[in-house]
Amino acid sequence: MSCILHIETSTVVCSVALSLSGEVIYSNVSFDGPSHASLVGVFVEEAINELKGRGLTLDAVAVSSGPGSYTGLRIGVSIAKGICFGYGIPLISVSTLRLLTVAAVQRKVMDSAALYCPMLDARRMEVYSAIYDSMLRPVREIQAEIITEDSYASLLKQSEVCFFGNGAAKCKPLITSLNATFLEDIHPLAINMIPLAEKAFQENQFVDVAYFEPFYLKEFQATIAKNKVINDALKEAKK
């Protein structure tokens with residue numbers, strides 16, 4: 001019997017779940033925007049209280065490892081590490097794109113031979129994406145790519161491809177093949193981590209709590225406020 005806490009903060013959605021031998025015994029989610037710093041702690045506390053109320057012991061923590069929001073991933077991983085250190089339990093890393101694919105496969109709208117392409121928004125026409133088969137086996141590894149009319153053209157000639165995630169909507173006007181299916185309202189949620197985390201736990205696939213870092217895929221880019229740029233330019237002109 002395994003009791004695992006699941007934390008997902010890779011996008012504007014914040015969610016936490018608690019599972020017992022693969023079954024959900026607690027779940028909470030917020031779609032209200034990037035307020036992870038205040039919400040995830042509350043959700044974790046609720047999950048721990050549920051755990052204690054049932055007289056259970058926490059065996060591991062699973063965290064969504066990216067790609068995704070730099071800040072969101074940092075918050076989720078930091079909290080997961082803190083719990084692991086505090087309880088002396090192992091940490092499980094779950095790919096955000098794989099857990100997205102779990103939700104899409106569970107919709108059961110595609111043929112078993114279809115491929116699945118999760119997409120996370122990465123600004124403008126760029127997305128973080130990968131391709132999996134219906135058994136969640138990787139067909140193409142994770143990458144950042146700029147979507148054009150030619151994207152996936154050769155693949156779509158050979159098989160049906162299901163696109164989903166918060167980056168898929170902006171790509172829909174460009175990917176017009178009849179073999180392309182777009183699923184809406186597919187979000188990375190902590191409950192979708194459960195089958196992946198449970199498998200990792202049974203196979204002792206843990207990451208180093210001290211040294212583990214999220215998979216950002218791209219370096220963090222801090223933005224500079226427009227008024228600051230203007231003010232700096234004015235100061236420079238007055239010299």
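**Stop one: a strand and its neighbours**

Start by selecting Leu5, which stands opposite Val61 in β4. Before going on, note that this is a predicted model, where local features need pLDDT of at least 70 and side-chain atom pairs count only at pLDDT 80 or more, while totals for chains, interfaces and linings use all residues. Residues are numbered from 1 along each chain as its sequence is written, and side-chain values use heavy atoms, with hydrogens and water left out.

Now show strand β1 (residues 3-8) next to β4: they pair in the parallel sense over 4 bridges. Two strands count as paired if DSSP finds at least two bridges between them. Helices (H or I, at least four residues) and strands (E, at least two) are DSSP runs, numbered from the N terminus.

**Stop two: inside β4**

Is β4 enclosed or open? Select residues 60-64: 5 of the 5 are buried, so the strand is largely enclosed by the rest of the structure. Buried means under 20% relative accessible area, exposed over 50%, and partly exposed in between (1.4 Å probe, protein chains only). In a regular strand, side chains alternate between the two faces of the sheet. Here, Ala60, Ala62 and Ser64 cover one side and Val61 and Val63 the other, all of them buried.

**Stop three: the rings**

A search of the whole structure turns up 5 aromatic pairs. Rings of Phe, Tyr and Trp (its six-membered ring) pair if their centres lie within 6.5 Å; planes under 30 degrees apart are stacked, over 60 edge-to-face, and the rest tilted.

Select Tyr70 and Tyr216: their ring centres are 4.5 Å apart and their planes at 25°, so they are stacked. Tyr70 lies in helix α2 and Tyr216 in the loop between α5 (194-202) and α6 (226-238), so the pair ties together parts 146 residues apart in sequence. Tyr70 is partly exposed at 31% relative accessibility, while Tyr216 is buried at 16%.

Then try Tyr116 and Phe164, with centres 6.4 Å apart and planes at 65°, so this pair is edge-to-face.

Last, select Tyr152, Phe163 and Phe182, which ring pairs link into a cluster.
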